[in-house]
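Welcome! Please take a moment to look over the sequence and the 3D structure below, and then read on for a short tour.

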Amino acid sequence: MSTSKTGGQLVVDMLASLGVEYVFGVVGGQTLAISDAIIDTPGIELIHTRHENAAAVMMDAYGRLTGKPAACISTTGPGATNLLTGVGGAYRDSSPGFVITCNNNGENIHKDDAQNADHVELFKPLVKYSRLVAHASSIKQAIEEAYVNALTGNPGPVHLDFARDTIEGQVANPPAVPSVHPSRGWVTERPSVNPVALARVAERVLEAERPVIWLGNGGNRAQASDDVLALADELGIPVVTTFNGIGSVPTTHPLVFGAASRMGTALSDQVLGEADLVLALGNSLNAVSTTRWRRELPEVVQVDVDPAMIGRYYSEITQGVVGDLGSFARDLVVATAGRAEDAKAGRAHWIATLDKARADWWQGSVVADTTADGPLSPADIVRTLREVAPENTLLIPDAGNPGVWSFLWEIQQPNSYIKPVGFGNMGFALPSAIAASLIDPERPVLALIGDGSLGMSLGEIETLARVGGNVCVIVFNDSSYGNIRQEQELHFNGRTTGVDFGRVDFGMAARAMGVHGEVVTRLAVLRERVAEAFAAGTPVVLDVPIDRDVNAWTFPSFAARKK
């Protein structure tokens, strides 16, 4: 005879069975059957936030960094809509996670009940899977199906909307829930490449004089750094990444030449511009990467775990290969064995010219005055931070200019950089840093946040104080939405509107919420404070006024290559 339990307890038991360790969110009346069940369930913890958007971003960051799903939760109506922006970021950047909304009683859904909203329709465009669960008998199967959708193929968030009476009512004969669900053993397996397709690509790669690996976000999701770099080394192929692929390989590797985005750099443009074959690995060739598809490309070999992404753009010049990019790289090394050395030797002169171009590019942003005082150049800040931050630091730039300036950050280890790209959602860095500190409280985390983005997520400093961690928040403070202001200045004859704020002391605001904070105006002091913060291992917020005249849109290192 089985013991009854609430539907909410069954939901939590299933999440724990599937390896979910954290549920991020803001509780409300409709969520209580789930949040209360978490209290008595070992291995799963509720982390409450100041705003639901932060909860969704924390779910996103956890998925990016671990490859495993966390969950975010909200009550009905405005609670659910507050999740949407963060969920969109997870969806566009392929991060797995459970999005849980709790609705009104089943008989009153779609009626004029309090905070009524059609959650399934709201979330459907921004998740891989969206479903209303209105019967207790469906809870286990719905969560299992959602989990498979979240982790297989191109990963992403999934949404389950639970009717209130479904999770509050008793389940008289609840199904057995294994402590470790069997699905966890196979969902992350990826298909190998078809041997015929592999042989065809091997011949083309060996024939090419100047092939380039253009590595996308799939490199991060597949954690394929070692495999891709082994392929590059074996065949003498330079590697560039997409904006979303930053972090998939270390930029300190001799064959890695940075990232190409819509703004471009002279260096990455040179590598792609001189190529006669592009191996687009886990790269969707989206608008950000290709300057809205105006970038001219040679023949493309596109490798992706999702067949629907292949040939979506540049179809007439694309050969498609369906499979895991890590196994593709390993198999291609084997398929070209015996002929790789000659191919590599034929590319040596080209690689040498690219080495010289890279050295010149880095020289263009060297810090000229290490004693600078007053509003500081963002370029000088990033180069200085890299010198003082530990090698294993996780860098989290927010949307806008911080992400652009992060081109100047040398990535020394894979899986040490995350940023919102596909959705470009502001307010990302601070909640993500909190999620990262939950994963590894000892790891140094450096969050680069514009004052505009911090204004959207400021309340989460209190969450950071509560959670703790080795987190250093650097505020690029120009008292404006700097990226948009600079674009206005560049394209609208210097006229600006809607972008400027009054001066805010974010150091004082941080102290008011329990985190040490101060304003730093000298580059030498910034170096000292960051070193001290990471040595102490406790959160700190450093508000750094930046030079408004240093424009990311016209900064020489980011200028597109002149043809």
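## A buried pair

Asp-478 and Arg-485 are both buried, where buried means under 20% relative accessible area, exposed means over 50% and partly exposed lies in between (1.4 Å probe, protein chains only). The two residues form a salt bridge, with their closest N and O atoms 3.1 Å apart. A salt bridge here is a side-chain nitrogen of Lys or Arg within 4 Å of a carboxyl oxygen of Asp or Glu.

## How to read the model

This is a predicted model, in which local features need pLDDT of at least 70 and side-chain atom pairs count only at pLDDT 80 or more, while totals for chains, interfaces and linings use all residues. Residues are numbered from 1 along each chain as its sequence is written, and side-chain values use heavy atoms, leaving out hydrogens and water.

Side chains of opposite charge can pair when their charged atoms come close. How many salt bridges does the rule give? The count comes to 25.

One of them joins Arg-204 to Glu-299, with the closest N and O atoms 2.6 Å apart. This pair links distant parts of the chain, 95 residues apart: Arg-204 is in helix H8 (residues 195-207) and Glu-299 in strand E13 (residues 299-304). Helices (H or I, at least four residues) and strands (E, at least two) are DSSP runs, numbered from the N terminus. Glu-299 counts as partly exposed because its relative accessibility is 24%.

Asp-355 and Arg-358 form another salt bridge, at 2.8 Å between the closest N and O atoms. Both lie in helix H15 (residues 348-363), three residues apart, or about one turn of the helix. Is Arg-358 buried or exposed? Arg-358 is buried, because its relative accessible area is 13%, whereas Asp-355, at 32%, is partly exposed. Elsewhere, a network of salt bridges links Glu-518, Glu-528, Arg-529 and Glu-532.

## Around Asn-220

Asn-220 sits in helix H9 (residues 217-222), and it counts as buried because its relative accessibility is 14%. Its side chain reaches the backbone oxygen of Asn-244 at 3.2 Å. Beyond its neighbours within four places in sequence, Asn-220 is in contact (heavy atoms within 4.5 Å) with Asn-244, Gly-245, Ile-246, Gly-247 and Ser-248.

## Two parallel strands

Strand E6 (residues 129-133) pairs with strand E7 (residues 157-162) in the parallel sense, over five bridges; strands pair if DSSP finds at least two bridges between them. Arg-131 stands opposite Leu-160 in E7.

Definitions and conventions:
A polar contact is a pair of N or O atoms within 3.5 Å; within protein, one must be able to donate a hydrogen and the other to accept it, and residues adjacent in sequence count only if both atoms are side-chain atoms.
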